[in-house]
Every structure is written in C-alpha cells, then in structure tokens.
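Subject: Structure handover

Hello,

Here is the structure I promised to pass on. My notes on what I found follow below it.

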Amino acid sequence: MKRIISVILSAVCVFSCFLLSGCGEKNNNALVYYLNFKPESAAVYEELAKKYEQEKGVKVKVVTAAANTYEQTLKSEIAKTDAPTIFQVNGPIGYEAWKDYCLDIKDSKFYSYLSDKSLAIKDDNGVYAVPYVVEGYGIIYNNAIMDKYFALKNRQSKINSMGEIKSFEALKTVVEDMTKHKKELGIDGVFASTSLSSGEDWRWQTHLLNIPLYYEYKKSEQDPTLSLLDAKEIAFKYEKNFKNIFDLYIENSVTSKTLLGSKSVADSMAEFALGKAAMVQNGNWAWSQISGVEGNTVKAENIKMLPIFTGIDGEEKQGICIGTENYLAINKNASEEKRKASLEFLDWLFSSETGKKYVTEKLGFISPFNTFKVGERPNDPLASEIDRYLKDDATETVPWIFTAFPSENFKKEVGSGLLDYVQGQADWDALKKTIIDKWKSERG
Amino acid sequence: MKAVKRYFPIFVMPTLIAFLIAFAVPFCLGLFLSFTEFRTVTDARFVGLENYIKIFTSDETFLNSLWFTVKFAVTTVVTINLFAFLLALLLTRNIFGTRLFRTVFFMPNLIGGIVLGYIWQLIINGVLFRFNYSITSDAQFGFWGLVILMNWQMIGYMMIIYIAGLSNVSTDVLEAAKVDGAGALTTLFKVTIPSVMPSITICLFLTITNAFKLFDQNLALTAGAPGGRTRMMALDIYETFYGSTGAEGIGQAKSVIFFLLVAAVSLTQLMLTRRKEVES
C-alpha cells in the first residue's frame, strides 16, 4: 500500500514538473517582446498586440512595468533567455547604462521616419535609440478663473489678459494679487500643491530644474544637452531664478508649506480639476488625470498652458519646455529573427493606418515621425497647446536637457533638499550647495 | 530503514531543489557580485574590494542609515517585548473574553507591511495635520511613527509566543513559591521569567532580526523622507542598487555587510539568552 502511494506521489511530482516547464515554453514563441514603460497605456498595448497578431500573424508579448519600477524590471527581464526585444531608455544617461544592449538601428525604417534626426541618441556612427513621443510641460492654467480675475473691479495689477504675461515680473504681480482675492475667485490658492512626497517630486527636481540649467548651458557651443552631459560640475548660475519661481509656487499654494511633504501629483491635479487652484505646473500627459477626476469643474476649452518664467533676461521669447525622455531601443542580444520582427512591429505601429490610429487616438502621443500627417495629432487641449507653441515663431521652446542629469539619486537628493527648504529645516544656500555637490559626486 | 534510504531522493529532492534555487544559488551569486561591477547579473566585471571601500569613503548614507536602524532596533525590541509580555501576563489570567482579546491583538500581524505603512501614514498625518505638520516635517515623527507601527504589528505575535511559554510554567513551582511566601513580584522575577526564558529567546531573536531588516513599512510610511533621515538599511541598499548608474555592485556589497551584521547581532543574542534558559 505504502509503495503504491509513494509511486503515485512521485508520478505526480514528475508530472507537475513537466506541466510547469510546458507552461513556461508556451510564451516563448512570441517573436516580439515589448517592455512597456507607461502603465497608463498597458491595456492599449495589449490590444495593439492582438491587433498586430490578427493582421500580420506575428505574436507580440507585452509586459508593463509598474510605475517607477522600469529600471528594476528591465534589469531582471533582460538577463533572462526570453529577454525583451524592444525596451526603453530615458535619454543619454539611460543609454550609457544600457549601451551594451542597444542595437544600431541607423538603417532601419523606424529611424528613417524620425522628422528631426538630431533627437535620436547617437554614438560614434550609430543610432541606438529613437524617441517615439514628444511631450511638453509648462504652467497649466484654468482660463475661466483667470477671466474671472481679470473682470474683478478691485484688482491691483495692471495686467489685463494672459497674453500680457510674458515675464516672471508680470506672472508674480498677477499671482500675488490673485492670492489677495482668492475668496472672490473661489479658489483655495493660485497654485495647486507643490507635491514633495517621495516619488512625487519630479515636477520640481527634474522639470523645474531644467530651466535654470538650460540657460546656464544655452550659450555653450555645442548642443546644451551634450554640454550638460559632459559637465563634471555645474555653477548653478541661475539659482536665484530657480528660487523665484519655486517660492512663488509655495507662497501662493492651496496647501500650507508644512504639509507639502505629504502631497502627491494626483492630489495637485485633483485640486486643479476641481477648480480649487488656478494654475499647476505639469505636462500634456496630465490631461488624462484632469479629465479623469470625478466631479471636475474645468472645461476642456479653458485649459491652457503658459511658459515657466523665472526672471531670466530674454525670457519674453521663451516658450514651454518640449522634449522627450522616451526612447525605444532594440535588444542587440536577441536573435536575428527577433530583432527583425521587432523592427517590423515598430515600423507597423508608426506608419500603418491602424498603428497610427492607435498612437494618436488611444495612446494620445504626439509623434516625432514624418509618417504622421498634420491632422494626425491627439486632440486634447494640452496637446493642442503644445502644437500652438511648436508653431509659434515668436517664442523658442526650451528643450528637455534634464535627460543629462547624472542619476536618479541626484534628482532624489534635490527633491529632499527642496522638502527641507520648504519645511524650514534648511535654508536656500544649503539647497544650492546640495545641488552643486550632488551633481559632482553623482557624476564622478 | 532500507525503504527510507531508497526513497530518500524523492522526499528530499523537492525541498533541496527549492533551497538551492531560492537560497543557496542567489546567496553565492550575491556574494560574488559584491566584488564586481555589473548591470544585470550576467555581465559582471571583477573589481576586487573597490565596492567595499566606496561604502565607507564616498557614501555617507550607509552609516547614517545604520545608526538610524540601531536606534530603531533598540527602541522596538524593548517596547515590543515589554508590551507583549505584559499583555501575555494579563491574558493568561482567568478574565472574561481572553480568547477574543488574544485574537484581536494578533490580527494586525495578518496585514502586509506596505498596507500597514500606508494606513499608519494616513492615521499619523491625520493627527499631525491638525498642528500643521506632516510625517515628513521632522525625522522624529517618522522614527516614532515606525516604532508605533512596528509595535502595533508585532506585539500580538510575540504575545502568542509568551502566552505559550506562560501556560507551560509548572503550577507546582508556582505553588511552592506561594507556600514559601514569595510575593507577586518575586514570583515573577525569580520563577516565571526564568521559566519562560525559551520564549524570550525566540521573541528577542524575531524582534531584533525584524527590526534590522524592516523594509516595506519603512518604504510605505516615509520612504526615507525628510532628506533620507528616516532611511533604514534595507531601504538604503535598495536605493543604492537602483538609484545611481553603476552603483549596483556597491548596493550588493552593502547587502553583504548587512547580512554579516544581522547574523552577528542575532547569533550573539541567541548565545547570551540561551545561557539563561533553565530546565524546570
């Protein structure tokens, strides 16, 4: 009896081993493995994969990394036998880290579609990563509240419309006067919360810091991003300007300074959507967040974007910040067949009718490819604002040079330095020192 | 006997394979990787002791988090064991509803660390907001927040272990003490505590190791804010590993040091308390 039982048990054991390994193999026949960076588009990519398999008969496997865990996921996935064939790097720094895995795609169709070839990441004579989406950020404002303010009889500022705000001085005057009249305007503060809780501070330590550093490297001979990439040290010449705008945000905020450390980006987008704040610094990706807030009072036609003015000479010609940190690369170590299939998939996604429709309508991307015609743009209010600034010849957009910031740790330290400053545990000079020192040590 | 020998592989193999895959191999690989510079675990380049040197020369965060962790460990080990033991004493008397209370006190242990962290963040912020503070306003808030959280989570578990120990104290000895005229306190310190020494060993071991390797709760409650001053060692290792490019080896070296430290502390503790255990 015992014997029979043990035979059965071992049979079950052996059988389950086969079963497990069998399951593992099933997924292996996907030729294209796309490791997706944007959790908000996970469902769309799944749908795309199905569509592609229907049309072309090639199986695409899509895995989405949870928010803020792309590096971790990529690190473990790429070491596997069944590694991602298409993955994302976040700019020149990301490329440095993954360059042993990036295939040279200078002869691919996918790269040939790129309208502005200078946007791609190049090394020696090769092209290793290509951006697939262009994004922009600035100060998003609710025009309905602004109109209400400009209609106030007892306002003190001499500025009569948003069009007249072309400098930090003007912005400051309006914002401070609005704070005085916040009861009449029905807002809790002009700016939505300056979210500084951990992982929620990227709007300041990355996006806002982009502006002073851009001006510091603007006049250099080569491209500012490349000079910043070479910079072993920064002078942080425009720290006063960084302070100007940051102070304006926190002094005229919905939330009192001591509580900012517990606010998230979602909190501040909700404040904006509910009409509690008139302005918020963020980018076009925030549209889905604004429109998704329950009971939101902001109408799409009232959502506009203003450049982030900091009081630097010549800023009346400054536009919003437009650039990308989303670059696609092909895994060099994948088999020839898989690499080819992956490039074909990207080619299909960004040039076929079905693919393009998904990109503009479902993913909501402004694509930097010449395969997209004028009408083929997402039509949400923030994307149209980016279009407006791109077409405006009077202003010059600010590129995203933060892709050359030394590391995640650098940004994190800047973020906690800002929090210390806001909470009064450190003064501005300490923060300035942190930024300069951390740059040096993280680059070194 | 013969049969046992013959079927030995069948019974041991599954566990052995699981042990090798999930523990032995990653451990050895981790040890090896701490001497290398690597991006993914398959492309390591040997650099010798460089990573270890860097931890103590160019990285002040490790020592800061070590100090914070030690403070935290000392505080929680004392408070958790004290409260758990007192609760156990209380709930081994014949009071109405002891079973219900035991269950209630044990329940927090069933909730995962991340969830607990966020729940306590809400509670603590809810209180601090009234005074215009948040948990990140001061490192002290984060520290005590973590202490409260850990107490809330661990007391029930330790209490159960102490209850098991207390109900095994022989009534003969207790009665003998009573006959000899020992007071309640004397009985507690001279009879009860020495008899539950095995439970104390286990509880101290669990609380010390848990305090040192705390991660989820720390990540969810403060994530090191403000300024990394509430960052414990496990979180520091995690952030080193994923935060800066090319620092994976340093993170790995930190975790080797971390392992040695936790092993040394807990083994010393085991040795010390084992000596005090008595046969009753």
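A:D124 is exposed, with a relative accessible area of 76%. Keep in mind that this is a predicted model. A:D124 sits in the loop between β4 (121–123) and β5 (126–131) of chain A. Its phi is positive, near 55°, and it is not a glycine. That is worth a look, because most residues other than glycine have a negative phi.

B:A223 is not a glycine either, and its phi is positive at about 55°. B:A223 lies in the loop between α10 (216–221) and α11 (233–243) of chain B. Is B:A223 buried or exposed? It is buried, at 16% relative accessible area, because the cut-off for buried is under 20%.

Next, the interface. On chain B, 32 residues are in contact with 31 residues of chain A. The two chains bury about 2,500 Å² between them. Carbon and sulfur atoms give 51% of that area. Ten residue pairs are in polar contact, counting those with both residues at pLDDT 80 or more. The rule also finds three salt bridges across the interface. One of them joins A:K412 and B:E239. Their closest N and O atoms are 3.2 Å apart.

Which helices of chain B each supply at least two residues of the side that touches chain A? They are α1 (2–33) and α11. The largest share, five residues, comes from α11(B). By class, that side of chain B has 12 nonpolar, 12 polar and eight charged residues.

Now the aromatics. Over all chains, the count is 47 aromatic pairs. A:F405 and A:W439 form an edge-to-face pair, 5.9 Å centre to centre with 75° between the planes. A:F405 is in the loop between β12 (396–398) and α18 (408–422), while A:W439 is in helix α19 (residues 428–443), so the pair ties together parts of chain A that are 34 residues apart in sequence. Both residues are buried: A:F405 has a relative accessible area of 2%, and A:W439 has 0%.

In chain B, the rings of B:F241 and B:Y242 also pair. Their centres are 5.0 Å apart and their planes are at 70°, so this pair is edge-to-face. B:F241 is buried at 15% relative accessible area, whereas B:Y242 is partly exposed at 27%.

Back in chain A, A:F405 and A:W439 belong to one aromatic cluster.

Best wishes

Key: Residues are numbered from 1 along each chain as its sequence is written. Chains are lettered from A and ligands numbered from 1 in the order in which they are written. This is a predicted model: local features need pLDDT of at least 70, side-chain atom pairs count only at pLDDT 80 or more; totals for chains, interfaces and linings use all residues. Side-chain values use heavy atoms; hydrogens and water are left out. Helices (H or I, at least four residues) and strands (E, at least two) are DSSP runs, numbered from the N terminus. Buried means under 20% relative accessible area, exposed over 50%, partly exposed in between (1.4 Å probe, protein chains only). Contact means heavy atoms within 4.5 Å. Buried area is the accessible area (1.4 Å probe) that two parts lose on being put together, summed over both. A salt bridge is a side-chain nitrogen of Lys or Arg within 4 Å of a carboxyl oxygen of Asp or Glu. A polar contact is a pair of N or O atoms within 3.5 Å; within protein, one must be able to donate a hydrogen and the other to accept it, and residues adjacent in sequence count only if both atoms are side-chain atoms. Ala, Val, Leu, Ile, Met, Phe, Trp, Tyr, Cys and Pro count as nonpolar, Asp, Glu, Lys and Arg as charged, and the others, Gly among them, as polar. Rings of Phe, Tyr and Trp (its six-membered ring) pair if their centres lie within 6.5 Å; planes under 30 degrees apart count as stacked, over 60 as edge-to-face and the rest as tilted.
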